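Let's take a friendly look at charged side chains and how they pair up. Have the sequence and the model open, and try each question before reading on.

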Amino acid sequence: MPGLGRAALVLAFGLLLYAIVIGALGAWSGRRSLIDSARQAIFAAFGATAAATAVLVAGLGTSDFSLRYVADHTSRDLPIGYRLSALWSGQEGSLLLWLLVLLGVGTAAVALNRRLVTIDLPWTAPILGGVALFFALVLVFVSSPFATQAAPPDGLGLNPSLQNPYMAAHPPLLYLGYVGLTVPFVFAMAALVSRRVDERWLVATRRWTLFAWTCLGFGILLGAKWAYEEVGWGGWYAWDPVENAALMPWLVATAYLHSVMIQEKKNMLRVWNVVLVALMFTLSLFGTFLTRSGVLNSIHSFAESSIGSWFLGAIAVAAVGSTMLIIARLPMLRARTRLESLISREAVFLYNNLFLVAFALTVLWGVAWPLISEALRGVAVTVGAPYYDFFAIVFGLPLILLMAIGPLVAWRRSSLRALWRHVRWPALFAVAVGAGLSAAGARSSAPALIGYTFGAFVIGTIALEFARGTAARRRADASLSWPGALAGLVARNRRRYGGYIVHASAVLLLIGATGVSAFSTSRLVHAAPGESVSVGGYTLEYLGSEQRRSSNALEVRARLAVSRGGEQVGTVLAGRNRYFAEAQTSNEVGIRTSWLRAEDLFVIADRFDEDGSVFLQVIVNPLVNLIWLGGIVFVLGALVTMWPDAREQRRIAQRLEALSTFGEGSAHPQRGAAASA
């Protein structure tokens, strides 16, 4: 079986090399038969990679310890679900999954845009093949998942922190996000090489970008939920460098999804959008480098290996190559229209872009500076949470404010008087909310008070937009009920109102994150059986400890009776697991969630003494559940935005037909098609 897996990867490598050479020759000469052959080679490479992945999954499922990867990341007692999830728990397996997802997504994108890829953007297949070839090269020649050994009696097991249900979804979602961002990059670079810099590549990749952005964003939130429940420190986001590695391309992709609307509507920001596409792809590669090179001391990163230099080389090729290509095509990319006013929706979108990219680059500097310092000066430095928290406030608060103003300001140009006329009711609502919170004591944290006030401004704006649109539909058709009018409103403009739902999710995240950081309470105690501790209105009585043996660990738990206001509300178990094969111990926190009060009682049992006493850290996290609720709302809004719309599909088809008929040289059909969107 290992031989079959290696052979499949070698075959995939050969097919990708063929796709690059034959595809480039076909694109250069205009021979469609060669272009089609390159496309078929991409499809076949996906099949070969799927076969290799199936071999490794079979080895994990059957505990084939003759495969070094299986022995290093699983054990016989490990539950089957975690054995299979070990596919992305180690370096070689995660790279194989990366290649599989890349070729799967790339195959689908190429297949669904066959005419565009064959006729207008013939360089798509060779560029996609080039990106995939890098990962295939690493898997075949540098870090193979099919290395063999004399089978030991048992494996080394799986990192205890990864033995969590959220790890079954968090890494694959991140891979879908990272890899999905390859699609707009490939199509954009193919458009530049092919000298087809109109909207065709942009229209073809918009939903792919939305899908990747959604997966990456939800994957980050699932990772935060995993950290909150598994790592055992009481927080949900630690600004870990590898967490930041996923955040950076997501921020840039967010900027791109906003600015691309300006290109569609006004044919502006064409250079900027191509730069954003190149930047988010390069940052995706950088995140891969951080995770797999071992240069960081992180719970997410793998042991130091030889692939770091390969990824640095790939990052350099992507950055330098895309930059040179963009510079070479600048005369073709320059927009024919200019920003007419600093008070307009276009301007608000531009400000939004600048803040998002500035935040992403600030995070990049915080991640990169320790690496640069150690490489150049030999001095290890740490960039801690206060650095990121400061810039999250500096860039985050203006972004929330722009989120509120953007939907209400007019296109092209407006005035301060007209803007105030549109925003006055949401603004007054926000001021009232801020005043109420200040009177209730929230003024103890100025950033929290400002953030909540701005969040109320956003909610007021969204509510006003939905109310106005629904009322307008009822005036147009009196037979519609209010729910029917609302559903029809969203269905007729899914991108707009799906975006508003996503904005609402950002407000929920803001409220939850601010509540945890500004208003949580904590207490450390050493309790003997029968003793009680009071924290944040809760009283916890330590009833004693208990032990039980699971399939692969010894579990020790402190049992605590919880009461509030003199009323018993339940029990909490918190403790530690001692894993046999891994010879490691992990915290297993106890969490009691109150959805009515929108808070968590969070208990960590740090140490058990022989006399039966225990060291406890008890934390009350207010509003933390709004973070996870925000994730659900985020996915809902993204699905509304991505949901197919027959009317929109007709508009897109008309736009592409106009572009194919008139080409880049005719500005009028493009503006007409863009305006109809």
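The questions below walk through salt bridges in this predicted model.

Q: How many salt bridges does the structure hold?
A: Side chains of opposite charge can pair when their charged atoms come close. Counting such pairs over this predicted model gives a total of 13 salt bridges.

Q: Which residue forms a salt bridge with E465, and in which helix does that partner lie?
A: The closest N and O atoms of E465 and its partner R496 are 2.6 Å apart. E465 sits in helix 18 (residues 446–476), and the pair links distant parts of the chain, 31 residues apart. The partner, R496, belongs to helix 20 (residues 494–519).

Q: Is E465 buried or exposed?
A: Buried means under 20% relative accessible area. E465 has a relative accessible area of 7%, so it falls under that cut-off. R496, at 32%, is partly exposed, whereas E465 is buried.

Q: Which strands does the salt bridge between E599 and R564 tie together?
A: The closest N and O atoms of E599 and R564 are 3.7 Å apart. The two residues lie in separate strands, so their pairing ties together parts that are 35 residues apart in sequence. E599 is in strand 8 (residues 599–608) and R564 is in strand 4 (residues 553–564).

Q: What is the relative accessibility of E599, and what is that of R564?
A: E599 counts as buried, while R564 counts as partly exposed. The values are 8% for E599 and 22% for R564.

Methods:
Residues numbered from 1 in each chain as written. Predicted model: local features only at pLDDT ≥ 70, side-chain atom pairs only at ≥ 80, totals over all residues. Heavy atoms only, no water. Salt bridge = Lys/Arg side-chain N within 4 Å of Asp/Glu carboxyl O. Helix = DSSP H or I, 4+ residues; strand = E, 2+ residues; numbered from the N terminus. Buried < 20%, exposed > 50% of the residue type's maximum accessible area, 1.4 Å probe, protein only.
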